[in-house]
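Me: I would like a close look at a single part of this protein. Please keep the answer plain and connected.

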Amino acid sequence: ARARPPPRLDVSFVKPRMSIPKEFMLCPLGHPDHFVRLVGDGLRVQSREEVPGTSFKEFFAAAKFSLWWLPEVNNMCRLRVQQTAVQ
């Protein structure tokens, strides 16, 4: 017997540029007090308690991300930290 092909999900109506917020933060599932942050040249998952010398504003500036859409490729984007977007 021939295997049936897997069902296909029609995503032609999805407009990701409209569905994703312009700015957002990333939290690992099950850890609402931890955030993905840019620290130096790498990413870290940290809570505020793990970085005692960092102010509220500094902590969350490194945790705010945005998407940068690539116009030459259909629905492709790059993820960047907001603090680097203004440079």
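Leaving aside its neighbours within four places in sequence, which residues is R37 in contact with?

Reply: This is a predicted model, and what follows should be read as a description of that model. R37 lies in strand β2, which covers residues 34-39. Beyond the neighbours within four places in sequence, R37 is in contact with G42, L43, R44, Q46, V51, T54, E58, F59, A62 and A63.

Two of these contacts deserve a second look. The side chain of R37 reaches the backbone oxygen of F59 at 3.1 Å. E58 is the nearest side chain of opposite charge, but it is 7.4 Å away. A salt bridge needs a side-chain nitrogen of Lys or Arg within 4 Å of a carboxyl oxygen of Asp or Glu, and R37 has none, although R37 is buried.

As for the setting, the protein has 3 helices and 5 strands. From the N terminus on, the order of these elements is α-β-β-β-α-β-β-α. Of the 87 residues in the protein, 21% are buried, and R37 is buried too. Among contacts between residues at least 6 apart in sequence, 35% join residues at least 24 apart.

F13 counts as exposed because its relative accessibility is 60%, and the cut-off for exposed is over 50%. Together with L9, V11 and V14, F13 forms a nonpolar patch on the surface, with about 440 Å² of accessible area. The protein exposes about 7,400 Å², and carbon and sulfur atoms supply 58% of that area.

Conventions. Residues are numbered from 1 along each chain as its sequence is written. This is a predicted model: local features need pLDDT of at least 70, side-chain atom pairs count only at pLDDT 80 or more; totals for chains, interfaces and linings use all residues. Side-chain values use heavy atoms; hydrogens and water are left out. Helices (H or I, at least four residues) and strands (E, at least two) are DSSP runs, numbered from the N terminus. Buried means under 20% relative accessible area, exposed over 50%, partly exposed in between (1.4 Å probe, protein chains only). Lys and Arg count as positive and Asp and Glu as negative; His and the chain ends are not counted. A polar contact is a pair of N or O atoms within 3.5 Å; within protein, one must be able to donate a hydrogen and the other to accept it, and residues adjacent in sequence count only if both atoms are side-chain atoms. Contact means heavy atoms within 4.5 Å. Patches are made of residues with over 30% relative accessible area and no salt bridge: like charges are joined within 9 Å, nonpolar side chains (Val, Leu, Ile, Met, Phe, Trp, Tyr) within 5 Å. Accessible areas come from the Shrake-Rupley method with a 1.4 Å probe; for residues, only the protein chains shown count as cover.
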